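Please look over the structure below before reading on.

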Amino acid sequence: MTGSGRGPGGEPAGRLEPDRRQTGRPEGSPRRAADELGSLLARVALGDEEAYAALYDRTAGQVLGVVRAVVRDPAQSEEVAQEVLLDVWRSASRFDAELGSATAWVMTLAHRRAVDRVRSEQKAAERERRVPYASTAYDEVAEAVEARLDRERVRRCLASLTELQRESVTLAYYGGYTYREVAELLGVAIGTVKTRMRDGLIRLRDCLGVDA
Amino acid sequence: MRFRRDSRAQPVHTLAGAYAMDAVSEPERARFERHLAGCDACWQEVRGLREATAALAAAAAVRPPDGLRDTVLRAAAQTRQVPPAVPEVPAPLARPRRRLGWRPRITVALGGALAAVAVAVAVAAGVVTYDQQSRIDQVQGRDLTVAAVLTASDARMMSARVTTGGTATVVMSHREHALVFTAAHLSSLPAAERYELWLIGPAGTRPAGMITATGRGRMVGPMVVSGLSAGDRIGITVEPAGGSPRPTSPPVVMLSLAGRSG
């Protein structure tokens, strides 16, 4: 990551840099990482506080990152992230590896809670004023190699989407907007946005080669 | 309405992308989940898309503030875990629905614990000797708040031992900006003293009410505390019976709210 230090969705589509170079993510590493997280979660379900600490170390940065992307306000984001992380502790027994990866489970909790927070607490007028993607949110972008690889991989894959797909996906996911709001923001028909979100995510999934 | 017609004209599964990114309204989410429950292919697709969104989350990772780890781990150590879901219907039927219910299930699972508080609420309804009595409207308002907190989708329950004896229990909802407080088996105090509740945090230390307990250390009803601020903790001190504007003794119990503590 150079200069801006922003997340991949942080830039308006036109400014997405083309991929600088292949990142050479080790084969199979997402899978392995997912399995590890899944077994940690299984131990957490048994009340293992050490496992929970390890799980915290692996997920807190991502949880806070996604919450902050949506919620923006640092104090509120931290609060929501705490709630999410505590939810993970509390409801670990409900995680079922057959139904998706542990990461997806945690991040779904995080994203949904973040979105719930902005939708329930922010008045419409405030939301209007939210500038999609404040760069300040990314000042503390994790320096961990893994996180950088993730970002570059995602950036590269996002760059492979059409502009409308990319904008739809990033506004929905990082911006926390509904597809109707995205349609309004982009001045595009609602049906088009729905389709672009789905197509964009499918393309992203295929590009990332994530396990489904 | 152009949008209405537009969205109706499309097959429901086109919503999979928006759904996987929480970019749908609540009613749409519910409707789509009903659809998913009967459509395994759709579920498979959503599952794959969620893995993609998890990668988006990974790419947004930031370095959490230093204090967060301790706070979260400490809060977890004080938080009871939800028992595993026990299928009530044959698994193949139940699966699609159950797997979607991550968040709702948390609420449901809290239900048992909340029931205990609800009982206390019911008891309170018939009690007039509540400390902030003579304001029936307020009591009714309070009961509505109690109900709102207990049924909030983000309701969370926390308990802690009171060092001088007894247990303090809080059910809180950030969404409602309020919490419901109860305590049991508090040590009885001399007549000149009462337990006082406080909100303590970056926003300052604010009195949150005097606890009215019966001789046996049982509260006459739950207390509603509103006006929570980020970083607040709730604590109890022993004060002169008339109450104090500021705590005059060390707290006998402190509970972090939202896990945030100093």
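The predictor assigns the complex an ipTM of 0.77 and a pTM of 0.55.

**Confidence in chain B**

- The average pLDDT of chain B is 74, and 71% of its residues score at least 70.
- Residues 1-8 of chain B have a pLDDT below 50, and beyond near neighbours in sequence this stretch has seven contacts in the model.
- Residues 122-137 of chain B also have a pLDDT below 50. Beyond near neighbours in sequence, that stretch has 18 contacts in the model.
- Where pLDDT is low, the predicted coordinates should not be read in detail.

**Chain B as a whole**

- Chain B contains eight helices and eight strands.
- Chain B has 262 residues, of which 38% count as buried.
- Among contacts in chain B with a separation of 6 or more, 62% are between residues 24 or more positions apart.

**Where chain B touches chain A**

- On the chain B side, 61 residues are in contact with 76 residues of chain A.
- Five helices of chain B, namely helix 1 (2-9), helix 2 (16-20), helix 4, helix 5 (66-77) and helix 7 (102-125), each supply at least two residues of the side that touches chain A.
- Helix 4 of chain B gives the largest share of that side, with 14 residues.
- By class, the side of chain B that touches chain A has 36 nonpolar, 12 polar and 13 charged residues.

**A helix pair across the two chains**

- Helix 4 (residues 102-121) of chain A and helix 4 (residues 40-59) of chain B have axes that come within 9 Å and cross at roughly 70 degrees.
- An angle from 65 to 115 degrees counts as roughly perpendicular, so helix 4 of chain A and helix 4 of chain B are roughly perpendicular to each other.
- From helix 4 of chain A, the contact uses A:T103, A:A104, A:M107, A:T108, A:A110 and A:H111. From helix 4 of chain B, it uses B:R50, B:E51, B:T53, B:A54 and B:A57.
- The residues of the contact of helix 4 of chain A with helix 4 of chain B are five nonpolar, four polar and two charged.

- How do helix 7 (residues 163-173) and helix 8 (residues 179-186) of chain A cross? Their axes come within 10 Å, at an angle of roughly 130 degrees.
- That angle makes helix 7 of chain A oblique to helix 8 of chain A, and the crossing of the two helices is right-handed.
- In this pair, A:E167, A:S168, A:L171 and A:A172 of helix 7 meet A:Y179, A:V182, A:L185 and A:L186 of helix 8. The contact of helix 7 with helix 8 of chain A has six nonpolar residues, one polar and one charged.
- Helix 7 of chain A is largely enclosed by the rest of the structure, because nine of its 11 residues are buried. Among the buried residues of helix 7 are A:Q165, A:R166, A:V169 and A:Y173.
- Helix 8 of chain A also packs with helix 9 (residues 190-208) of chain A, at an angle of about 110 degrees and with the axes 9 Å apart. Helix 8 and helix 9 of chain A are therefore roughly perpendicular to each other, and their crossing is right-handed.
- A:Y179, A:R180, A:V182, A:A183 and A:L186 of helix 8 make this contact with A:I190, A:V193, A:K194 and A:M197 of helix 9. The contact of helix 8 with helix 9 of chain A has seven nonpolar residues, no polar ones and two charged.

**Single residues**

- A:V88 lies in helix 3 (residues 74-90) of chain A. A:V88 has 25 C-beta neighbours inside 10 Å, so it counts as buried.
- Leaving aside neighbours within four places in sequence, A:V88 is in contact with A:L55, A:V106 and A:L109. A:V88 and A:L55 are 33 residues apart along the chain, and their C-alpha atoms are separated by 9.4 Å.
- Most residues other than glycine have a negative phi.
- A:R72 is not a glycine, but its phi is positive, at about 75 degrees. A:R72 sits in the loop between helix 2 (49-71) and helix 3 of chain A and counts as buried, with 20 C-beta neighbours inside 10 Å.
- B:D22 is not a glycine either, and its phi is positive, at about 55 degrees. B:D22 is in the loop between helix 2 and helix 3 (26-37) of chain B. B:D22 is buried, with 22 other C-beta atoms within 10 Å.

Conventions:
Residues numbered from 1 in each chain as written. Chains lettered and ligands numbered in written order. Predicted model: local features only at pLDDT ≥ 70, side-chain atom pairs only at ≥ 80, totals over all residues. pLDDT = per-residue confidence, 0-100. Contact = placed C-beta atoms within 7 Å. Axes fitted to C-alpha atoms, helices over the stretch in contact; angles between N-to-C directions. Helix = DSSP H or I, 4+ residues; strand = E, 2+ residues; numbered from the N terminus. Parallel < 35°, antiparallel > 145°, perpendicular 65-115°, else oblique. Nonpolar A, V, L, I, M, F, W, Y, C, P; charged D, E, K, R; others polar. Buried ≥ 20, exposed ≤ 12 C-beta atoms within 10 Å, placed from the backbone. Left-handed = near helix turned anticlockwise from the far one by under 90°.
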